[in-house]
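Thanks for asking for a second pair of eyes on this one. Here are my notes, in numbered points, to read alongside the model.

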Amino acid sequence: MAEPDHRSGGRPVTPASQARTPVRSAPLRRRRRPTKPDVAPPVEAPPLDTAPTLPATPEQPAGDPTTSERTGPVADPDELVSSLSYRERRQRRLAATSGGADAAPVTKVSALRARSDRSILAWVATGLAVIVIVGCLVASAVFAIALGRIDHQRDLRAEYSSFAQQMTVTMTSLNPGNVDAAMKTMSDKTSGTAQQRLNESMGQAVSLIRDQKLDVQSTVISDAVTKADADEGTVIVVYGWQMKPTDPKEQTIVQTFRWRVDITRINGELKMTDFEWVT
């Protein structure tokens, strides 16, 4: 019987038949805890007039179809509607109806507004044109009336001025050949105070001119109308008076006088009603 070989200095050699095959056991694994499913946050019912929207996160943009899967199931709109009261459902229908009315085409509204603006502008332009035309007519009428008054006043002043000059020259230009015509003019063209005063002075002047054969001439230097209306007028007349004596050796007398002549329209005819010497 062979002795065991201890030359290896170790363990005794065991025959192959007696060697035991080591049993390999699986390594121990840690038991995994069951993961809890992602709990979706509670979803609040959306407002009546807006659809539910989910906030966007930096990792997932808003509107991503996977958002609903991550956040959990979304409430059914039909269930939300059925849970609302009658008044809330009616308000929701009214809000939807008004939203549809507001969604009318903008172009149609703009066209109607533009047409309305054009109509307003047309009315305004027409009103302004009518106002301008009426204003022009009124201004023309006022101008015509004012021009007529000015022309009438000018005619009156010219009439009174001419009459005063004529009466002054007639009453102060005398000679033996025209004294009778001067007396007749005095009788026809004077009245009131003027006629009375001329009757007193003209009788002596006519006798002196006839006896001494005097020649008296008058020339109007200037005149000014101080009053002129339809019935009365007043004229200041400045005239130069000269008398030539019958004797040629005697010097001609020249003087300047100023009369204030009052004129009145009597029965449509002008008459000298008063006069006086003024300085």
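1. Ile221 has its place in strand S1; strands (E, at least two residues) and helices (H or I, at least four) are DSSP runs, numbered from the N terminus. A word on the basis: this is a predicted model, where local features need pLDDT of at least 70 and side-chain atom pairs pLDDT 80 or more, while totals for chains, interfaces and linings use all residues. Residues are numbered from 1 along each chain as its sequence is written, and side-chain values use heavy atoms, without hydrogens and water.

2. Is Ile221 buried or exposed? Ile221 counts as exposed because its relative accessible area is 57%; the scale is buried under 20%, exposed over 50% and partly exposed in between, with a 1.4 Å probe and protein chains only. Beyond four places in sequence, Ile221 touches Val238, Tyr239, Gly240 and Thr256, where contact means heavy atoms within 4.5 Å. From Ile221 to Tyr239 the C-alpha distance is 4.9 Å, although 18 residues separate them in sequence.

3. Ser218 also lies in S1, which spans residues 215-228. Ser218 is buried because its relative accessibility is 9%. Its side chain makes a polar contact of 2.6 Å with that of Thr172 (a pair of N or O atoms within 3.5 Å; within protein, one able to donate a hydrogen and the other to accept it, and residues adjacent in sequence count only if both atoms are side-chain atoms).

4. S1 and S2 (residues 232-244) run antiparallel, joined by 12 bridges; strands pair if DSSP finds at least two bridges between them. A hairpin of 3 residues links S1 to S2, and Asp215 stands opposite Lys244 in S2. S2 is in turn antiparallel to S3 (residues 253-266), with 12 bridges, and Val237 has Trp259 in S3 as its bridge partner.

5. One aromatic cluster is made up of Tyr239, Trp241, Phe257, Trp259, Phe275 and Trp277. The structure holds 6 aromatic pairs, that is, rings of Phe, Tyr and Trp (its six-membered ring) with centres within 6.5 Å; planes under 30 degrees apart are stacked, over 60 edge-to-face and the rest tilted. The charged end of Arg197 sits over the Phe275 ring, 4.7 Å from its centre (the criterion is NZ of Lys or CZ of Arg within 6 Å of the ring centre and within 35 degrees of the ring normal).
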